[in-house]
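Please consider the complex shown below, with its sequence alongside. The paragraphs that follow lead through its strands, helices, domains and chain contact in turn.

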Amino acid sequence: MGYLSTDKVKHHFHDVVIIGSGGAGMRCALQLADAGHRVAIITKVLPTRSHTVAAQGGINASLGNVLSDHWQWHMYDTIKGSDYLGDQDAIEYMCRAAPLLVRELEHQGVPFSRLEDGTVYQRPFGGQSREFGEGGQASRTCAAADRTGHAILHTLYQQNLRAGTHFYQEFFALDLITDENGCQGVMAWDIAKGEYHLFQAKAVVLATGGAGRVFKMTTNAHICTGDGGALAVRAGLPVEDMEFFQFHPTGIADVGPLITEAVRGEGGYLLNGDNERFMLRYAPTAGDLASRDVVSRAIALEIREGRGCGPNKDHVLLKLDHLGTELILAKLPNIHELALRFAGVDCTKEPIPVQPTMHYTMGGIPTNRFGEVVSKGADGVEASYPGLYAIGEAACVSVHGANRLGGNSLLEIVVFGRACGNQVLKRLRHHRYHPPLAPDCWQAGMERVEGWLRTAGKQDGLKIAEVRLRMQTIMQDHFSVYRTEAVMAEGVERIEALAAELEHAALSDGSRIFNTELVEALELDHLMALARVTAAGALARTESRGAHARDDYPERDDADWLRHTLAGIRDNKVELDYKPVRMQPMTVPSFPPRKRVY
Amino acid sequence: MAEMIQLSVFRYDPEKGGKPFMQAYEVPVSGPGMKLLDALNYIKWQLDGTLTYRRSCGEGVCGSDGLNINGINGLACITPIAGLKQPIHVRPLPSMEVIRDLVVDMDHFFDQYRQIQPWLQAVTPMPEHERLQSPAQRAELDGQYECILCGCCTTACPSWWWNGDRFLGPATLLQANRWIVDSRDEAMGDRLDQLEDAFRLYRCHQIMNCMEACPKELNPTAAIDNIKRKILARKS
């Protein structure tokens with residue numbers, strides 16, 4: 001007699017299963033594999049294809065290599081940048097740990113750029129200050145040219161090869177295995193072979209990255225489909241603050257690829273159609289290095305008021321040719337390449353056309369600063385969900401609150417990847433054996449794949465790509481940089497109607513071997529669930545905070561809205577709930593909300 | 001009517017069996033900056049959902065969509081349609097086992113990468129702060145560390161086609177050199193010992209297809225040359 005009531009599912013036993021092979025998952029795996037545990041990374045792509053690889057500008061740490069710095073200044077900037085929606089204990093933890101983690105990355109082999117004295121090169125980035133906003137611009141972002149994400153992801157992959165982490169490549173996670181004792185593992189589909197695998201584990205870590213593909217125009221990879229958040233929602237858990245999607249000020253106009261904030265950190269600036277440095281009007285002190293939400297809104301306003309560039313006046317220009325060819329090729333080589341390839345512009349001679357583009361998912365699976373997934377119990381008290389963890393962009397710790405600072409995402413993945421690894425180690429001390437599972441626990445996961453495969457070849461079925469494009473268009477049109485009640489209410493209606501239509505979608509490919517249309521359909525399930533909770537949460541929040549900017553409620557409302565949104569789907573209905581922001585840091589006094597000026 | 005482009009795409013379905021064949025598609029031009037990946041996406045999303053290929057970042061940094069395009073290896077997401085002779089012949093990376101359509105088995109490629117122990121090796125105790133490296137020492141890594149492991153160079157190498165089971169190939173050797181030239185790494189002797197082999201290293205005959213194929217404009221041949229010189233230098 002087997003453990004499971006089927007022989008179609010291969011049953012694996014690992015100490016820990018991590019879903020996702022980006023920086024967060026790899027850093028967490030490293031912590032656990034180096035401690036001698038059997039760690040599996042399940043990833044729907046090959047390692048080094050994850051979206052961490054595309055991060056450009058750098059990683060924040062108060063090393064003080066260029067200008068003296070302090071982690072408390074970093075903490076202040078992060079809280080202010082979050083528009084006070086960030087949880088201050090988690091932010092303190094991250095900013096204190098940053099120098100340690102960046103030096104550790106250096107020790108692991110990341111090819112950071114260097115200063116003359118041989119230390120790690122640091123550049124100014126948006127939203128950074130010294131002496132709690134009083135001491136001018138800081139220089140806090142550690143960089144490997146403008147390929148920092150690539151350098152970090154490859155280094156972490158290399159370290160995992162050394163440590164002997166098990167990689168299950170091109171496996172798609174279908175369903176979390178949960179019972180009254182918490183999360184016990186995950187069902188997965190081997191994309192290449194078309195086989196089912198059940199990974200039983202004493203801890204499951206969701207490190208699946210962001211959900212940028214709910215929008216039509218995004219800097220995110222095709223694979224950023226919010227899989228972890230959607231798996232949590234499937235398992236009956238809520239996701240947190242999903243209405244906060246960051247629009248990066250400088251995506252290449254009309255095509256999307258990101259032009260790093262480092263361009264402005266190195267001295268580039270934005271120009272409108274009147275050839276004016278308009279950011280000086282919006283942010284007299286920080287100018288072009290104001291926080292991303294501020295710059296994106298400024299660009300949107302310039303375009304709305306007819307001061308855009310180009311024949312349609314629908315973008316602005318990012319000028320950097322005055323920096324000189326030598327600096328551009330040494331510090332921003334990747335930008336030079338991207339601008340040439342995607343905008344047809346030689347940025348050593350001409351400005352780059354840019355527009356605000358969806359870039360980062362601040363929201364995600366609610367966790368505490370140990371990476372444990374938390375939810376409200378029946379008694380209304382928040383408690384951790386046993387055996388389930390979430391880290392990186394998939395999670396909402398929340399260190400980014402309503403708006404993330406540039407350079408804090410690479411930091412978050414390594415800080416909380418490691419912290420989560422350490423917390424899992426504690427759990428493993430008390431959970432030595434794999435408990436028996438319900439023999440039928442594989443069924444729900446398998447049904448997801450079989451259900452889609454049964455639609456293959458169905459006449460008059462909707463195309464997966466068509467439904468996805470309609471969803472992305474609704475999100476783009478109704479939940480963009482500026483939002484209003486009427487537009488969002490219509491958006492909620494349309495997204496709910498479209499979600500109901502999803503069941504009429506059909507595959508044209510019924511194959512079991514490397515069926516990428518099936519993968520896109522499973523991803524669409526995930527995107528649709530997150531689009532629904534995003535839309536509902538955005539409509540409900542009647543204030544402007546960080547990336548959530550409303551024309552009809554232009555002010556931040558701390559009396560009513562200094563709280564996190566929790567949104568889940570129960571009986572196919574979106575349910576909203578709220579929880580307070582953790583205003584109390586670990587050791588230092590709280591930073592109370594103040595008016596946000598740059 | 002939009003301008004149309006003609007493609008001829010390699011198809012192979014392991015479930016149906018039979019021989020691989022080239023299938024013709026016609027795709028409208030979406031704009032002046034259109035890339036080959038845009039055309040493949042158009043086919044998959046509008047014309048034929050069964051077409052199978054890998055893609056992720058769409059901007060040439062993840063290395064997913066290495067393909068053979070009109071006989072030359074490159075990344076679909078950064079290869080402009082304009083300038084390609086039509087019909088555009090799109091095939092999987094050469095010499096690789098095809099799983100389906102344009103998707104090839106990359107396991108052996110990654111196994112070879114693992115063989116060179118591509119991680120920083122040092123026995124000196126870690127300093128409290130970062131290991132120091134001068135800008136000049138760091139500049140040695142430029143042209144080495146940017147590799148995205150797409151496989152375009154290795155699968156363009158005739159020596160690897162013949163002896164891919166034992167010859168490490170340009171991508172892996174470029175990465176071997178990346179650690180040899182890193183001033184922080186202390187295992188150069190061991191690394192050279194591992195590489196000094198008639199097959200692992202010396203099957204490189206400087207054909208230089210790798211340099212032609214690299215979408216990141218890196219030069220694996222020069223890196224291999226540097227390894228050979230290092231080995232020669234320690235003999236004298």
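Which helix of chain A lies across β11 and β14 of chain A? Helix α10 (residues 333-343) of chain A does so, running at about 80° to β11(A). Helices (H or I, at least four residues) and strands (E, at least two) are DSSP runs, numbered from the N terminus. Axes are lines fitted to C-alpha atoms, for helices over the stretch in contact, and angles run from 0 to 180 degrees between N-to-C directions. Contact means heavy atoms within 4.5 Å.

This is a predicted model, in which local features need pLDDT of at least 70 and side-chain atom pairs count only at pLDDT 80 or more, whereas totals for chains, interfaces and linings use all residues. Residues are numbered from 1 along each chain as its sequence is written, chains are lettered from A and ligands numbered from 1 in the order in which they are written, and side-chain values use heavy atoms, with hydrogens and water left out.

Four strands of chain A form an open sheet with antiparallel pairing, in the order β11-β14-β13-β12; two strands pair if DSSP finds at least two bridges between them. At the edges stand β11 (245-252) and β12 (269-271) of chain A, each of which pairs on one side only. On average, neighbouring strands of this sheet are turned by 50° against each other, direction ignored. Within the sheet, strand β13 (residues 316-319) and strand β14 (residues 352-361) of chain A pair in the antiparallel sense over three bridges. A:Leu317 has A:Pro353 as its bridge partner in β14(A).

A second open sheet of chain A has three strands in the order β10-β21-β22, again with antiparallel pairing. Its edges are β10 (239-240) and β22 (573-580) of chain A; each has a single partner strand, so one side of each is left without a neighbour in the sheet. Two bridges join β10(A) to the antiparallel strand β21 (residues 563-570) of chain A, and A:Val239 has A:Ala567 as its bridge partner in β21(A). Helix α15 (residues 516-540) of chain A lies across β10, β21 and β22 of chain A and runs at about 55° to β22(A).

β1(A) pairs with β9(A) in the parallel sense over ten bridges, and the bridge partner of A:His14 in β9(A) is A:Ala201. β1(A) also pairs in the parallel sense with strand β2 (residues 39-43) of chain A, over four bridges; in β2(A), A:Ile41 is the bridge partner of A:Ile18.

Strand β9 (residues 195-206) of chain A contains A:Leu198. This leucine counts as buried because its relative accessibility is 0%. Leaving aside neighbours within four places in sequence, A:Leu198 is in contact with several residues, including A:Val9, A:His11, A:Ile177, A:Met187, A:Leu437 and A:Trp442.

Another element of chain A is helix α11 (residues 408-430). α11(A) has 23 residues and reaches 33 Å from its first C-alpha to its last, close to the 33 Å expected at 1.5 Å a residue; the expected span is 1.5 Å times one less than the number of residues. The helix is mostly covered, with 19 of its 23 residues buried.

Chain B comprises eight helices and seven strands. Of its 236 residues, 56% count as buried. Chain B is divided into domain 1 (4-104) and domain 2 (107-235), with bounds that come from an automatic or database domain assignment. The centres of domain 1 and domain 2 of chain B, taken over C-alpha atoms, are separated by 29 Å. Between them the two domains of chain B bury about 920 Å², 65% of it on carbon and sulfur atoms. Buried area is the accessible area (1.4 Å probe) that two parts lose on being put together, summed over both. In domain 1 of chain B, B:Asn73, B:Ser95 and B:Met96 lose the most area to domain 2 of chain B, together 38% of what that side buries.

Finally, the two chains meet. The contact takes 62 residues from chain A and 61 residues from chain B, and the chains bury about 5,100 Å² between them, 52% of it on carbon and sulfur atoms. In chain A, A:Arg49, A:His107 and A:His222 lose the most area to chain B, together 15% of what that side buries.

Notes
Buried < 20%, exposed > 50% of the residue type's maximum accessible area, 1.4 Å probe, protein only.
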